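Subject: Structure handover

Dear colleague,

I would be grateful if you could read the two side by side.

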Amino acid sequence: MSLLEDLASGVQRFVANPLGVFDSTIRVGVTGLSRAGKTAFLTSLAASLLARSLPRFALAPMGASDVPRFDYARHLAALAADPPRWPERTNSVSLLALTTSIDRSPLPPRRVRLEFLDYPGEWLIDLPLLSLKFAAWSIETLKRLEAPAMAPAARDFLAFVHGLPARAPADEALARAGAALYRRLLEELRAAGMAYLQPGRLLMPAPGPEPAWMEFFPLAGDGPLAALMADRYAAYVERVRRDLASPLFAEVDRLVVLADVLTALHDGPAAFEDTRAALAAAAGALRWRFDFLGAFTALASLRLPPRVIDRVAFAATKADHVAERQRGNLASLLRNLTQVPGTGVKTAHFALASVRCTEDHVLRLEGRPVSAVRGRVLGQDRPSISYPGEVPDQPPDASFWQHPFLALPVFEPMRLPDGGRQGVPNINLDALLAFLLSDVL
Ligand SMILES: Nc1nc2c(ncn2[C@@H]2O[C@H](COP(=O)(O)OP(=O)(O)OP(=O)(O)O)[C@@H](O)[C@H]2O)c(=O)[nH]1
Ligand SMILES: [Mg+2]
């Protein structure tokens, strides 16, 4: 069994009978690419739920679950420190569990266990691979890499691929060299703001030692080396398929997709297009669930009818970088970027700041009022005023990119009153929770 399967069956056992007393469990998947703001979101969400009196929530014991716990206390302590710090980077899956009891008198109260699963967005970017053979994926990927925005970063890798003889031998040293160049390329592209990078697990590996089939790269043609790459690709895709059908993912009822759209606006048209493709892949998770999971589970008929994802909240994070008037546009822009396939899915779009760092501020520019924000940039001792620019409410056209979005500084979180026991200052978190958990709250 893979470590992931191990984790998954642990979750399943625990969920199936969490001490035998919970009347229902709602599992919410929280996904977003690295740095999208997942940890900040989950920390602020837990603080907000725990601060409520009706219904009252408590952190749930993890029991014998094998899934790593979401380290709420540690992340909150960072935000509550003096000076406040951002939580550290996290990787791989973790689980935050809360319990509550809903008064239904005269009926007995309903006990609810809420589980939030921190799920790397990089893994969702692999979904399109499920329906792509290696040859088609290679052609598509090599074409993307030859586009002008990518070509400079891709130079070394492309030179390697083009330098291979027509029927390159299935030589292990060649395979390793190509895979290492390709991995370095993906890392470089990610640093440049690109998001649609496959295979996603190269950037966000699953826990445990790395299997040999991780070492592949896109390669056109039908020589022995290409055949070896195709075999490894097939093994990779099989793992993606299995993990998605595992209880860890397959039992998600609701989904939160976090995207750092403001940074994509800042990084330019290529990064923006990539973010759009990444969001489409995340939305594709839902299509996958509807088309395949139903048939799969029915065939296996080992479990109850499949649970379908019935609510999806899309959120553009770090919205405290822009003033209120821009945040409406930001939510509209996100709505434009995420058309969810399938029926019966309720969606909503939010401009969100899980950890608000700024206050709105009105600037006067040549006598005209301009709305900006005011906050303390990390490491500086005085607050400053920031105006990154106008957020378009539609995917931007060429004229927008003539005056690109200004820099987005890393702000220091606001001081937390009462160590976070009353929640974390935020923008729109309550609206998002009201949508996501209207039946519980
Ligand atoms: N201004 C502002 N910045 C935020 C907010 N949320 C996150 N950030 C910034 O984004 C960074 C990344 O946030 P995380 O919550 O760690 O993102 P993540 O998705 O968990 O990232 P990984 O753990 O690396 O995958 C933080 O360190 C902050 O600098 C927010 O609400 N407002
Ligand atoms: Mg994180």
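The count comes to three cavities of 30 Å³ or more, a cavity being a set of points, on a 1 Å grid over the protein atoms alone, where a 1.4 Å probe fits but cannot get out. The largest cavity holds about 90 Å³ of space, a volume being the space filled by probe spheres set on the points, which are joined across faces, edges and corners.

This is a predicted model, in which local features need pLDDT of at least 70 and side-chain atom pairs count only at pLDDT 80 or more, whereas totals for chains, interfaces and linings use all residues. Residues are numbered from 1 along each chain as its sequence is written, chains are lettered from A and ligands numbered from 1 in the order in which they are written, and side-chain values use heavy atoms, with hydrogens and water left out.

The lining of the largest cavity (residues with an atom within 4 Å of a point) includes E140, R144, Y182 and Q198. Helix 5 (134-146) and helix 7 (172-191) each give two or more residues to this lining, and helix 5 gives the most, with four; helices are DSSP runs of H or I with at least four residues, numbered from the N terminus.

The magnesium ion (ligand 2) has T39 (OG1) and T90 (OG1) as its protein donors, 2.0 to 2.1 Å away; donors are N, O and S atoms within 2.8 Å of the metal (3.2 Å for Na, K and Ca), and sites may look incomplete because water is not among the atoms. T39 is buried at 11% relative accessibility, whereas T90 is partly exposed at 34% (buried is under 20% relative accessible area, exposed over 50%, partly exposed in between, with a 1.4 Å probe and protein chains only).

Yours sincerely

Definitions and conventions: On a 1 Å grid over the protein atoms alone, a cavity is a set of points where a 1.4 Å probe fits but cannot get out, and a pocket is an open set with protein on both sides within 12 Å along at least five of seven lines; lining residues have an atom within 4 Å of a point.
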